[in-house]
Amino acid sequence: MNNSQNPIDKLLHDMRERAKELNCLYQVEELLTRTNLPLSEIFTQLLQVIPGGYQFPNICQVRIVHEDHTYQSPGFTPSTRVQRVDIKEEEKVIGFIEVSYTRDVPQTENSYFLKDEQKLLQTIAERIGRTVLHFKLEQVSREWETAQKDLSDKIKKEWMVVIDLLRRTDQNLYIHLGRKMVYHLFWNGVMEAKELLKSLSKDQGAAQTEMSDDMNRPSQKKSQLELLELSDKTFRIAARYLSDSDILGRIQKWIQEDKASFLSRAINNIDMPLVDVINAITHYHYISGGTYELSPPMEKGLRVSLIRRFFSDQLDFINIAKNHIEVRHFYDLVQRIIYPANGYGRLGGKSAGLFLAQKILTKPGDHSEVLCELKFPKTWYITTDAILNFLSYNNLEEVNEQKYKEIDQIRLEYHNVVQLLKNAHFPIEIIKGLSMALDDLGNKPLIVRSSSLLEDRMGMAFSGKYKSLFLANQGTKQERLDALTDAIAEVYASIFGPDPIEYRAERGLLDFHEEMGIMIQEVVGQKVGDYYLPAFAGVAFSNNEFRWSPRIKREDGLARLVPGLGTRAVDRVSDDYPILISPGIPNLRVNVTADETMRYSPRRIDVINLKTCSFESMEITALLTECGSQYPGIENIVSVYEDDHIYSPSALGLDFSKANLFVTFEGWISRTPFVKQLQCMLKTLQEKMSTPVDIEFAHDGRQLYLLQCRPQSSTAGNVASLIPKDIAEDRIIFTANRYISNGKLPDITHIVYVDPENYSLLERSEQMIEVGQAVGKLNKLLPKRRFILMGPGRWGSRGDIKLGVPVTYSDFNNTAALIEIARKKGNYVPELSFGTHFFQDLVESSIRYLPLYPDDPGIIFNERFLLDAQNYFPDILPESAALADTIRVIEVPRAASGRVLRVLMNADLGEALGFLATPDSQASAERERVEVSETASDDHWGWRLRMAERIAGQLDPGRFGVKAMYVFGSTKNATAGPGSDIDLLIHFQGSERQKQELVLWLEGWSLCLAEINYSRTGYKSGGLLDYHLLTDEDIAKKTSFAVKIDAATNAARPLALKSQ
Amino acid sequence: MADKSFNAFKMAQQQFDGVAEQLGLDPGTRDLLRNPLREYHFSIPVKMDDGTVKVFQGFRVQHNDSRGPCKGGIRFHPQETIDTVKALATWMTWKCAVVDIPLGGGKGGVICDPHNLSMREQEQICRGWVRQVVRNVGPLQDVPAPDVMTNAQHMIWMMDEYEKLTGAKYPGFITGKPVGMGGSLGRTEATGFGVIYTLREALSELGIEIKNTSAAFQGFGNVSQYAVRLYQEYGGKAVCVSCWDQKDNKSYTFIKKSGIDLDELLGITDKFGGIDKAKAKGLGYEVADAEAWIGQDVDILVPAALENQINAETVQKISAKMKVVAEGANGPTTPEADEVFKKKNIFVIPDFLANAGGVTCSYFEQVQCNMNYFWTKEEVLSKLDNVMTAAFHAVYGLAKQKKAFMRDAAYMIAVARVAEACRLRGWV
């Protein structure tokens, strides 16, 4: 063909050629379907048919090579003008077909063959491959028929039939099994197997000596035939040494394992998208018929790979998980995973924790009987990379840079980010997945939880930093889907929230590549009136860090129970209490008297309102009055109070409108296996996960559900402190070794020490009451959480007050720790209170409790320091100076040349140490961390102090009649948190008009600063200044705040006013 | 050191010595009444939940039973001492005598902290306690009752053990049981109503029409609520109550000068006894400081909350028009404040007379149990009225006759009655 031909001619020519090809293909097809012919005959006939499809049939010759046979056109001569295509049977090359011209022909596009001819040969090769397979399968099926016949005729032993069949139909597998068998025999000490192996290695050995000077040359490959013979020999030996059933069992197992090899390939290939891994798992589940008979090493290998692929590559996690999560468990898991197309993501930390816990607890063991009723809520997962996919789908990748902005800008923009994400669209495969999830979960309310990669890191307290949202999940499918996607977007947005970002920045985790998975869980519970809620829920810890009795051991654990949704148990709620129990010793209650029981009983309940589709918190009494009779197991939750007596409801039931009901959980604790289940769960999880755990659970009145599980060590504030051993004895204030919980008070500046000896010498109870009142006043004057109270016996003693200073919670709610000192009296050591009267208040506000036994052997109690240091008490509270012998206030830095008191508590060692230490700024950040809601860094007070100085610097003393201005409180003491006020004292001497002007001027500052503080920290307030105007008279008389000016300790700091 | 420190029993003896001196009792009677008649100390072995055995120290003190079986509570307290129990038993003798009920004084206890005990262990302590003193207690000898950290449940266990050991039903062995299990109706009202019965009599003696009076109440517990109710039924005007606010960790006074509406306040009170401040303001109440109640311009003060509320400092705030103090709480007035009252000629109905409605109702419980026939609430309350009225007049008569302060007169009459019984029995 040359280029001078006109286009029409070329077209006609092309069409003619095409017709030839089609004709050829038709004939090939005709031939290949004639299954009555043997393969060799088909091949021979093909040689005649194929040239007809080519441009130059007369000089065209064909050669087909199939396995060991070659078929070629008569007079075949090798040629360079050749076109060759491999023949494949299930991806395996089993031969080739080639077409060549015996002499030269014109070339088109640098080829002797047309493009369509190339395609033609390709098609023919494919068809041949399929035909060969068809023949083979047909043969196999025939073989099977004979094999089955053999079996039924009992001519051969079962395994021999199988082996025989394999040898004929799948030689590779046969050889594979032979190899396995020879090793197996060898391991079992069969001499002949040893010989066989030796002969094998002898050949190799000979080869090796031969090529000892050429190590890089490959060893000679054994031919297929030799290998077959080797297998034959092996099975003959096996027949002599092993029982028939043993051989059959092994063959079955090895065949089964061979089937799993594709699974292992899929999982171990890190480039394989998740969808393929999931398909492989599903496929394997089907072909194995759900039996999963894998050899232990293979099972283990697959487990580890799967765990790494789906959950975490943290070795700590894998080490534990591989013992409990089995390959077969993944089949169920992958049915509920939603993932982006071609995604590679994992499921995130929360999902991993719960999945592992579920597998541990459902695995048969000692715990099985107790936990047979334990349930897990139905959960769907979205992989962690879906968020990236979501962002890129909506062109929102720039949001990822959010974390590197200034914190106030992040805060400012956060609301926009939330809206942006909520208005973005999810990729279709995610929507499809969510739609399936909704169909599966039905219209039960849902909780959308974050499950991020950071949450997965052991030892990270990332809980509560990201959002979890409840959904009522009511309405039409579309409405439910919209609400769900909306919630997911909002949870996604929380990654870009200022608080988590600030938290990450502080911990050097900003550069961590954070991705967020999502768990969509059904909410455990049922309908009660218009509400949906579990009967009760809560959190539990393997280690009890707040023990209210010396009889409670740390390992007895701690549970916080609340009726309704568990949100109130997870978070500390300032005005409400959960019911605390120690599952190891559940009958030892925190609250014993009717008064205590009522005071510390939960008052409010969190529910999902199905009518308004919202999450609500309501009075328990209101809920019970409205629909108490529908509340499942309510008689196990509440007790009735009548005539100073609290008792469980009678069999006649409850009258919700009349009865005085209090939540006590008495029934659940004492009449059901619930506590036993809880304890068993904690113990089992702790043992198997080799770490104390922290779990969330819910109970629907019939069954207990586990909702979440993670290592307890990751909970902030309760970290065991390292106790240094090299502190010089003169720097130690006290040591303790009984009933120690975990904790750290890094920088205590003041000690209030009620001298046990002198307190016991007080003669009148009024004096003791006065001591209590004085402590209450000190509590308001000393820097919050920077002072500790140390005193004799039982703080807050209500009965015999000589046993301990009579105080209530409000008298010490600002202290960092409450320390009780039990001094020996004769041979009698008084029992301490363990803060029982206000135990729950201590827990909720993170005030540490520490009992000291100074007279125990080996205990250091530096009484000299406490008694010799200058006592500032009379200066602080001159009106109570008479009690100065009993109450001592020590300003630690002054008494110890700038040092502070550091208290370290370690429950693991059962040791605590209070010593004088150099203050460090790191410590102050840690201290603030412990507090519930007040986070602080040096910046908060620094900024406040600068602002206070600026206000003073701008204040015109002449205009406003101001003599002096002071700053005090947290701003002065460097303890200010993001929500702190700036406390100012203003010595005012002006007129009423000046006063009005001054107040107006200060209010302006106050509002401005509040606004700035909000953008810095997210804390809203109506004003940031807390100022007090003092007159000359106030100062002379030292009334109220005037006492702060020129105070002996913790005095207010004067500020420079605008110079005139 | 020990002898210098605060000792409740020593205080009780000193108090007695003072009264004995005023009464001119002979040395023998003084010796007898200064000390308890009998003290039982015993060990209570308890098999704990963990299988170990712990031995608890138990006490029962019978101070004096010349007027009838001893009566007094059982305390569970970790720092219990025999001196405390002896002091409290002595006070019980006087308390029963002042209202002239035929009972003596007793008290008991176990050194233990219920915070460290399961309910089963507490039950074993209760039963063990009864087993150790079963021969020395009983409806006709000594009748226990609930006290610090014990309640109706403990009483039922004790009663059950006593009945098991004696082989018969003796609901009168113990008081403080729930209604239906041998408890008496009217107990909730008893103390508060008792305060007002004595107040009513006091006003009538002082020639003051109760309808024309106004009163300030401290507290909003059982005592205060029922006192306010009865007082208002009699036509008095209660202008304030105070109550603890758990959220703020402090008390507030709720004032309405025109007179508070009890039911209205109860309607905005949670079951923990806290009044909703915002709603109260909405209803026209002034919400003032904890101490505001004491300074109200009223005729009567009813402290019905805590000890030491009227002291040297707060007593200065009382209104010039204030005439009567009815002590609903235990020990609300300090000696310094008492001096001020004496000086200002303010009439005081002392605590152990004014709030004896409680012990009187316990006595009624015992009586009803012993005859196994139970009265209606009206019957209980009308009998209570009789007892309280008679008691008041006896004390008042003596105070007038001896020109003594009411508190002293109450003690004198109590001690005199016990001394007389001992004399008649020929003990002294």
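Is A:Glu67 buried or exposed? A:Glu67 is exposed, because 11 other C-beta atoms lie within 10 Å; a residue is exposed with 12 or fewer such atoms, buried with 20 or more, and partly exposed in between, with C-beta atoms placed from the backbone. The structure is a predicted model, in which local features need pLDDT of at least 70, side-chain atom pairs count only at pLDDT 80 or more, and totals for chains, interfaces and linings use all residues. Residues are numbered from 1 along each chain as its sequence is written, while chains are lettered from A and ligands numbered from 1 in the order in which they are written.

**Residues with positive phi**

- Most residues other than glycine have a negative phi.
- A:Glu67, which is not a glycine, has a positive phi of about 50°.
- A:Glu67 is found in the loop between β1 (60-66) and β2 (69-72) of chain A; strands (E, at least two residues) and helices (H or I, at least four) are DSSP runs, numbered from the N terminus.
- In chain B, B:Asp100 is a residue other than glycine with a positive phi near 60°.
- The loop between α3 (82-98) and β4 (104-111) of chain B holds B:Asp100.
- B:Asp100 counts as partly exposed, because it has 18 C-beta neighbours inside 10 Å.

**A strand pair in chain A**

- Strands β3 (residues 82-89) and β4 (residues 92-101) of chain A pair in the antiparallel sense over eight bridges; pairing requires that DSSP finds at least two bridges between two strands.
- A:Arg84 stands opposite A:Glu98 in β4(A).
- The hairpin of β3(A) and β4(A) has two residues between the strands, and A:Glu90 in this hairpin takes a positive phi near 50°.

**Contact between the chains**

- Chain B has 34 residues in contact with 35 residues of chain A, where contact means that the C-beta atoms, placed from the backbone, lie within 7 Å.
- On the side of chain B that touches chain A, α4 (119-133), α5 (152-166) and α6 (187-206) of chain B each supply at least two residues.

**Domains**

- Chain B is divided into domain 1 (38-172) and domain 2 (187-354), with bounds that come from an automatic or database domain assignment.
- The C-alpha centres of domain 1 of chain B and domain 2 of chain B are 33 Å apart.
- The assignment of chain A includes domain 4 (534-677 + 693-711) and domain 5 (729-930).
- The C-alpha centres of domain 4 of chain A and domain 5 of chain A are separated by 33 Å.
- Their contact takes 12 residues from domain 4 of chain A and 10 residues from domain 5 of chain A.

How values were computed
Two residues are in contact if their C-beta atoms, placed from the backbone, lie within 7 Å.
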